[in-house]
Amino acid sequence: MNEHAPRHHRPNRLRGHRRGVAVTVTAVAAAVVAGILAPATASAGPRPDAMQQRLDALVQKDGVPAALATVKERDGRSRTYTAGVGDAATGAKVPVDGQVRIGSNTKAFTAVVVLQLVAEGKVGLDASVDTYLPGLVRGDGFDGRNITVRQLLQHTSGLPDYVNHEVVLNEPKRYFEPRELLDAALAQKADFAPGAQWGYSNTNYLLAGLIIQKVTGRPLGEEVTKRVIDRIGLRHTYFPAPGDMTIHEAHPKGYQRAADGSLRDYTELDPSWGWAAGAIVSTNTDVTRFYGALLGGRLLPAAQLAQMRTTVPADEVGAGVRYGLGLLSRPLSCGGLAWGHGGTIPGYQTFGGTTDDGRAVNIAVTTMADDDTGKHVEQAVNEALCR
């Protein structure tokens, strides 16, 4: 799930040096605001526009099997784009605005639910993890009595990550219980003292998910669905139920390139290892609608949204990047900030951002991008938001 800056920590590449049971998604600048869908692909005009050219280059030069995008302009109009093939074996077309696994964008959904519980007086941002999960977090250099809920959402807890990409890549259909993942993290040493610095760790959101379940008495997926997905009408978004390995609607297949250059199909996998940190399936357009509703105040009261947008430096991700509570900001070349998250999971990677004046973009590629490809996608996001 993740990458942040030392390469093992960058929010858009899967981490592999950690010992742990599972792997999860990552953060990278993510998605954006809502809009009325007006499909537009390469056939929409005689000369492809800049986004279509960028997606075509990702396929032709970077070798991604497929790329999809939704772009929302200042005037509120949205356009969708596709490039490549939705099925490398058959050459089938990429479904317009097809569903993909959105990886660590899930963290923003999870953070919203926690902050709703804060607004309801059921969770305290500066209360300790032990307040809700007494005695659960104990280990070498960390103690749940000294870690706050805010530090979980902000990635300043110092908790080690549980990811182990080889396990997931080799056993993509294996189911993991949240406690099994947590045990893998707790067997390691703390990365740093709580609050001492920033360090991306999926374990933070694993614990946030457990807190949601403890406080509400309901499964995490049900709370995310009721409080976020259904509330703002994300009709093509869902939190997979235990054992659900499929993508429900039209979708491009997701791949990873093997050492011999062949493509391995990871479309169907068990996302339980991502859970609160990376399990959700959605579309580019629904992701932009989610961030639009969030930043527009439709999901959180003003006080909690302000807390979410209060950031700390996350230079490991990139120059000028800052991280709030499940929300990331990235400076644009034209000035201002892009807000969102982004995510990586075997088979898919998503990038995007939304601006305070209503510009928005979300791009998905059907593989985990290498560093060069990731930079090219981020350039496409910046270009779309700076037009």
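Modeller: A salt bridge here is a side-chain nitrogen of Lys or Arg within 4 Å of a carboxyl oxygen of Asp or Glu. The model is a predicted one, in which local features need pLDDT of at least 70 and side-chain atom pairs count only at pLDDT 80 or more, while totals for chains, interfaces and linings use all residues. Residues are numbered from 1 along each chain as its sequence is written, and side-chain values use heavy atoms, with hydrogens and water left out.

Helices (H or I, at least four residues) and strands (E, at least two) are DSSP runs, numbered from the N terminus. For exposure, buried means under 20% relative accessible area, exposed over 50%, and partly exposed in between, with a 1.4 Å probe and protein chains only. D87 is therefore buried, at 13% relative accessibility, and K253, at 29%, is partly exposed.

A search of the whole structure finds 22 salt bridges. Among them is the one between the side chains of R138 and D143, at 3.2 Å from N to O. R138 has 30% relative accessibility and counts as partly exposed, whereas D143 has 15% and counts as buried. The side chains of E222 and R218 also meet in a salt bridge, at 2.6 Å from N to O. E222 is partly exposed at 39%, and R218 is partly exposed at 41%. Beyond these pairs, a network of salt bridges links E120, K122, E223, K226 and R227.

G121 follows α2 and has a positive phi, near 80°.

T148 lies in the loop between β6 (142-143) and α4 (149-154). T148 is buried, with a relative accessible area of 17%. Contact means heavy atoms within 4.5 Å. Leaving out residues up to four places away in sequence, T148 touches L125, D126, A127, S128 and V129. T148 and T131 are 17 residues apart in sequence, and their C-alpha atoms are 9.2 Å apart in space.

Another buried residue is S329, with a relative accessible area of 2%. S329 is in strand β12 (residues 328-331). With residues up to four places away in sequence not counted, S329 touches T311, G320, V321, R322, L337, A338 and W339.

Last comes a pair of helices. Two packed helices are described by the angle between their axes and the distance between the axes. Axes are lines fitted to C-alpha atoms, for helices over the stretch in contact, and angles run from 0 to 180 degrees between N-to-C directions. Helix α1 (residues 50-60) and helix α12 (residues 371-385) pack at about 175°, with their axes 10 Å apart. That makes α1 roughly antiparallel to α12, a term for angles over 145 degrees. The contact is made by A50, M51, R54 and L58 of α1 and T373, H376, V377, Q379, A380, E383 and A384 of α12.

Notes:
Angles under 35 degrees count as roughly parallel, over 145 as roughly antiparallel, 65 to 115 as roughly perpendicular and the rest as oblique.
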